[in-house]
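The structure is shown first.

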Amino acid sequence: MNTRLFLMAFAFAAAIGAKAQTEVTAPQNVYARQTTLLNGEWNYFVDLQEQGYYDYRMNPTRWGYFINAKMKNPSDLVEYDFDASPTLHVPGDWNTQSEELFLYEGTIWMKRDFDYEPRAGRRALLYFGAVNYEAIVYVNGKKAGRHVGGFTPFCYDVTDLVKGGKNFVIVKIDNKRHKDNVPTLIFDWWNYGGITRDVLLVDVPETYVEDYWLGLDKEVTGKKRILNFSLKLNKPVADQEVTLSIPELKIKQRFTTNAEGEIANCQLPVVSSKLQLWCPETPKLYDVELEMGNEVIKDEIGFRTIETRGKQLLLNGKPIFLKGVCSHEETAYTSRRCNCAEDADTLLSWARSLGCNFIRLAHYPHNEHAVREAERQGFLLWSEIPVYWTISWQNEETYANAERQLKDMIRRDHNRAAIIIWSLANETPHSDARDKFLGRLATTARSQDNTRLISMAMEVTGASNYVNRLQDNMNQYVDVVSFNQYIGWYRDVNDAPKMTWEIPYDKPVIISEFGGGAKFGLHGDKNQRWTEEFQENLYRENCAMLDKIEGLSGTTPWILKDFRSPRRVLTGIQDYYNMKGIYSDRGEKKKAFYVLKAWYEGK
Ligand code: GCU
């Protein structure tokens with residue numbers, strides 16, 4: 001049998017076996033489910049021309065690399081062999097694992113074998129924490145699905161694709177940038193490619209808890225507080241019994257699902273004096289258990305309220321000032337994608353030394369381990385989707401992509417007390433199309449979660465005679481007015497003391513970015529760029545200037561540490577790093593550190 005016929009037979013067999021597999025909603029709190037970690041060493045090879053996906057007529061081929069063909073006869077022609085190929089560690093970006101991949105943007109194929117034992121009445125879900133940017137996933141040569149967006153989880157029900165014994169999963173990953181993507185072609189961070197977060201095989205019963213909500217109601221009725229509880233099964237099954245337990249609060253209550261397979265808006269009264277609210281000083285998390293049949297889902301949930309009153313920001317009903325800093329999801333010292341609690345812990349310890357109680361997770365949802373670690377350590381969080389600079393506002397597919405990322409961000413973390421603000425965008429140019437796009441996102445965000453604040457990082461719209469104005473139609477949608485300003489760096493060096501502000505909105509104000517660059521150890525006059533003295537002076541002047549802003553409720557200077565960016569090419573100074581860190585990438589404190597720390601101590 002000649003090779004072509006052999007491959008056709010193989011692909012055809014594979015195609016017949018495949019029942020269309022639908023993508024399923026990534027289960028809430030997936031790490032609390034029965035899971036097999038598929039992390040580790042995955043074989044890979046680079047496919048610059050995507051010949052593993054398209055034939056030489058550039059039509060998608062059925063005989064692609066996803067079928068993992070193996071020679072059977074000595075004369076067989078199979079021009080790839082995963083098992084003979086080098087490996088990359090998952091989770092991890094490819095850029096920092098191999099010098100030749102440092103600048104690589106394109107397609108890479110990755111494969112991993114795994115064992116599986118099917119059990120009656122159980123389903124197998126294949127969960128990815130994140131893959132940047134486009135992922136096409138195959139199990140045993142059959143397509144499970146395609147996902148775009150590099151920072152949110154996705155999941156496939158692969159029950160009909162797996163078999164007892166040896167299985168393999170293959171992922172075609174492509175991190176090429178495109179105008180209509182989210183983010184778009186240009187962004188000021190490293191385009192880390194790969195399977196950047198955990199991969200899990202999740203073992204669930206036919207009917208399982210897909211999602212649940214548990215949070216504190218803002219209403220205070222006498223000596224009682226109310227916990228709001230809702231739950232959704234993966235399918236509309238009525239009369240399923242679910243028991244919710246919060247032992248420390250002596251709560252153990254049974255609920256039954258309705259015809260839609262949901263438990264909707266149940267109120268659990270708690271005596272206020274018995275409830276310790278989550279806040280930075282005491283980040284109290286309660287052990288929570290959900291029991292359904294033999295399944296038990298354990299979680300740790302904090303209870304707090306966040307709201308605004310005029311220009312005030314209220315945490316648990318009390319005014320709070322957000323002493324923040326921006327941070328990318330990039331490790332300290334090694335500058336690679338973070339992917340675990342330990343990676344986060346180092347960065348959090350740096351923020352803590354600064355005296356921070358708040359972190360803006362820029363410019364995309366960070367991994368779940370980092371969010372939970374920040375929550376355990378009492379950091380309030382701003383979480384954002386990468387609607388960054390000028391994306392394709394009129395492209396409906398781009399909108400669907402952005403909305404999907406928004407929903408997935410909210411869905412994964414809506415039980416996290418630490419997250420107080422959902423941010424929809426960063427530095428987007430004014431236009432009707434942009435307003436329409438962001439307005440739709442804001443409406444969606446509110447429909448997904450009306451317990452948190454909505455914002456976005458805007459830009460100063462006008463400045464003349466030292467008067468800075470903020471006029472933005474988006475203010476009708478946000479709860480907090482946030483904007484980036486770079487007085488002292490991109491404009492008006494040494495003019496900060498003269499500046500005044502016109503912000504005509506009765507809402508709290510957050511300065512979501514300010515700052516300037518400095519190379520650690522470079523010293524000189526305060527007017528000499530890139531010196532620590534220049535950055536120190538800029539911070540001193542900016543902090544004094546910001547103190548004059550009425551309703552200032554927080555700041556998140558740009559940025560915690562120097563980070564990789566392809567847009568920063570100044571040799572000897574930047575060398576592909578954005579140098580606006582308050583710390584160097586190696587954790588060295590620049591002089592501005594002490595200015596900001598002192599300012600925050602005064603808050
Ligand atoms: C922008 C942007 C950041 C960028 C920063 C800078 O405001 O939001 O992503 O890194 O400015 O120029 O350093």
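The axes of helix α2 (residues 341-354) and helix α3 (residues 368-376) come within 8 Å of each other and cross at roughly 50°, which makes α2 oblique to α3. The crossing of α2 past α3 is right-handed. On α2 the contact (heavy atoms within 4.5 Å) involves Ala-341, Ala-344, Asp-345 and Leu-348, and on α3 it involves His-369, Ala-370, Glu-373 and Ala-374. These residues divide into five nonpolar, one polar and two charged.

The model is predicted: local features need pLDDT of at least 70, side-chain atom pairs count only at pLDDT 80 or more, and totals for chains, interfaces and linings use all residues. Residues are numbered from 1 along each chain as its sequence is written, and side-chain values use heavy atoms, without hydrogens and water.

Two residues are buried (under 20% relative accessible area, 1.4 Å probe, protein chains only), as tabulated.

| Residue | Relative accessible area |
|---|---|
| Thr-331 | 3% |
| Trp-599 | 10% |

Thr-331 is placed in the loop between β22 (322-327) and α2. A polar atom of the Thr-331 side chain lies 3.1 Å from the backbone nitrogen of Ser-335. Apart from neighbours within four places in sequence, Thr-331 contacts Arg-336, Arg-337, Cys-338, Asp-343 and Lys-561.

Trp-599 belongs to helix α7 (residues 591-601). With neighbours within four places in sequence left aside, Trp-599 contacts Phe-321, Cys-543, Leu-546, Asp-547, Leu-552 and Thr-555. Its C-alpha atom is separated by 8.9 Å from that of Ala-544, 55 residues apart along the chain.

How values were computed. Axes are lines fitted to C-alpha atoms, for helices over the stretch in contact, and angles run from 0 to 180 degrees between N-to-C directions. Helices (H or I, at least four residues) and strands (E, at least two) are DSSP runs, numbered from the N terminus. Angles under 35 degrees count as roughly parallel, over 145 as roughly antiparallel, 65 to 115 as roughly perpendicular and the rest as oblique. A crossing is left-handed if the near helix is turned anticlockwise from the far one by less than a right angle, and right-handed if clockwise. Ala, Val, Leu, Ile, Met, Phe, Trp, Tyr, Cys and Pro count as nonpolar, Asp, Glu, Lys and Arg as charged, and the others, Gly among them, as polar. Buried means under 20% relative accessible area, exposed over 50%, partly exposed in between (1.4 Å probe, protein chains only). A polar contact is a pair of N or O atoms within 3.5 Å; within protein, one must be able to donate a hydrogen and the other to accept it, and residues adjacent in sequence count only if both atoms are side-chain atoms.
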